[in-house]
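Subject: Structure handover

Dear colleague,

I am passing on a structure that you have not worked with before, and my notes follow it. Please have it open beside you as you read.

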Amino acid sequence: MKQETIQSPRGVPDILPDQQKYWRFIRDIVEKKCQSFGFKKIDLPFFEDQRLFARGIGNSTDIVEKEMFELKKTSEEEEAQYVLRPEATASVVRAYIQHGMRSWPQPVKMYYWGPMFRRERPQKGRFRQFYQFGFEVLGNIDPHLDANVILLAWQILEAIGISKDLVTEINSVGCSQCRPEIRKKILEFYSQYQDLICPDCQRRYLINPLRLLDCKDKKCLPVIASAPQIIDNLCRECKNHFTVVLETLDELEIPYDLNPRLIRGLDYYTKTAFEFRELKDKDRQSSLGGGGRYDDLIELFGGKKTPAIGLAMGIERIIEKIKEKKIRIPELIGPKVFVVQLGEDAKKCCLKIVSQLDREGIGAACNLSQNSLREQLGLANKAKSPFALILGQREIYDKTVILRDMKNGVQDTIDQKEIVEKIKEQIGTIKKKK
Ligand code: AMP
């Protein structure tokens, strides 16, 4: 009986070899920019205690309520319920407290890169396993830092080549001082419109009224248009903070749109909140990334009150934009030398040469499953190797090898002992010509 073939889970894509160049391209830019902005890398666990996200992101958010992948408990793990991480800020905060980073010079600036997991309905640009990079600044409330993280993200988008049609949507969502009053006003206002809003908003009204302002349902939009705006009700501190953030963005010439309806889907934000999206994405369906301040989160997790700000960018969505805009990506550097083997004895010798070159820091490759010269030279061309070494029966017998310049086809027989020296010489000549 024919066995059923097993597929990857829905919304969990493979990243195939021909796609790797995009990932490498973005990763190189992210690493370089983060380091030059003084951020240090942190790697975080792929699964964590469920309470971390329930407390941090908020019990009533879609992510916590509907989208977490829970791991099966074992008998020894009665206490904790582990989940695949849906995002990384909560883990960064946990690590900050757990490793006593408050005693480090402040602010602590860290960046991460890795997969996140959310049980969402898979569709274009929305996966169940997707990758984010993000950065966090913990331990300082200076509003210039808010502009600093937006600037870093913007520079990354610029270096990738996709910033042209993007905009930073920005808002202030207030703080623990002004939010109760804002919430009260929103509740008062919405009490007249209960029948006109979508079922999700009827639920939000009871548990998280601020998020009423961020609903994208057409039914709710006319109500939102006349609802009280957070920005008109900020306390003096939040107002001043936001003014400095906007002034700094003006100074840095980063394009932004003030969007008083922007709340974001995670509950931990205070003061500045922002998202990067395409100008043409008027319905705000597909942001490339976003973030904000979370000045209360560390205290909420049991640490001392510590202000912080951060953001996360979606890598698949960035790659989609790169492809859409046909940005040219540098090809991955292939092997410098392709070793061609013709016959059983040549195979052994070929592996020895590949490993010898590799030890000398010269990238080398071979293919043991192809036997013909033509096919193997074809592979060398495909890999864009500037040189090939050809080993036939005769060369094995003479302890020689043919060195072929793949560009002009010129060949020379050399002693096997001279391989490294000759290749280095040839690579040196290419560099000089450049
Ligand atoms: P968030 O962590 O929800 O603030 O999302 C930050 C960014 O991650 C978004 O702007 C998207 O680019 C990306 N993202 C979030 N959820 C998904 C998903 N399910 N699939 C692909 N990318 C996502």
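**The central strands and their surroundings**

Strand β4 (residues 108-117) and strand β5 (residues 129-138) pair in the antiparallel sense through ten bridges, where helices (H or I, at least four residues) and strands (E, at least two) are DSSP runs numbered from the N terminus, and two strands count as paired if DSSP finds at least two bridges between them. This is a predicted model, in which local features need pLDDT of at least 70 and side-chain atom pairs count only at pLDDT 80 or more, while totals for chains, interfaces and linings use all residues. Residues are numbered from 1 along each chain as its sequence is written, and side-chain values use heavy atoms, with hydrogens and water left out.

Helix α4 (residues 89-98) lies across β4 and β5, running at about 45° to β5.

On which strand does β5 have a further antiparallel partner, and through how many bridges? The partner is strand β10 (residues 308-314), joined to β5 by seven bridges, and across this pairing F133 stands opposite M313 while F135 stands opposite L311. Strand β10 also pairs in the antiparallel sense with strand β9 (residues 289-293), over five bridges, with L311 as the bridge partner of G291.

**The whole sheet**

Eight strands form an open sheet of mixed pairing, in the order β1-β4-β5-β10-β9-β8-β6-β7. The edges are held by β1 (40-41) and β7 (256-258), each with a single partner strand, so one side of each is left without a neighbour in the sheet.

**The nonpolar cores**

A nonpolar core is a set of buried Ala, Val, Leu, Ile, Met, Phe, Trp, Tyr and Cys residues joined through side-chain atoms within 4.5 Å. The largest one has 103 residues, of which I26, F133, F135, Y190 and I318 touch the most other members. Helix α5 (residues 143-160) gives this core its largest share, eleven residues. Leaving aside neighbours within four places in sequence, I26 is in contact with W113, F133, I160, I315, I318, I319 and I322. A second, separate core of 20 residues includes V337, V339, C349 and I353.

**The chain overall**

The protein chain has 15 helices and 15 strands, and buried residues make up 49% of its 434 residues. Its C-alpha atoms fill a box of roughly 90 × 65 × 45 Å, taken along the principal axes. Among contacts between residues at least 6 apart in sequence, 69% join residues at least 24 apart.

With best regards

Technical notes: Contact = heavy atoms within 4.5 Å. Axes fitted to C-alpha atoms, helices over the stretch in contact; angles between N-to-C directions. Buried < 20%, exposed > 50% of the residue type's maximum accessible area, 1.4 Å probe, protein only.
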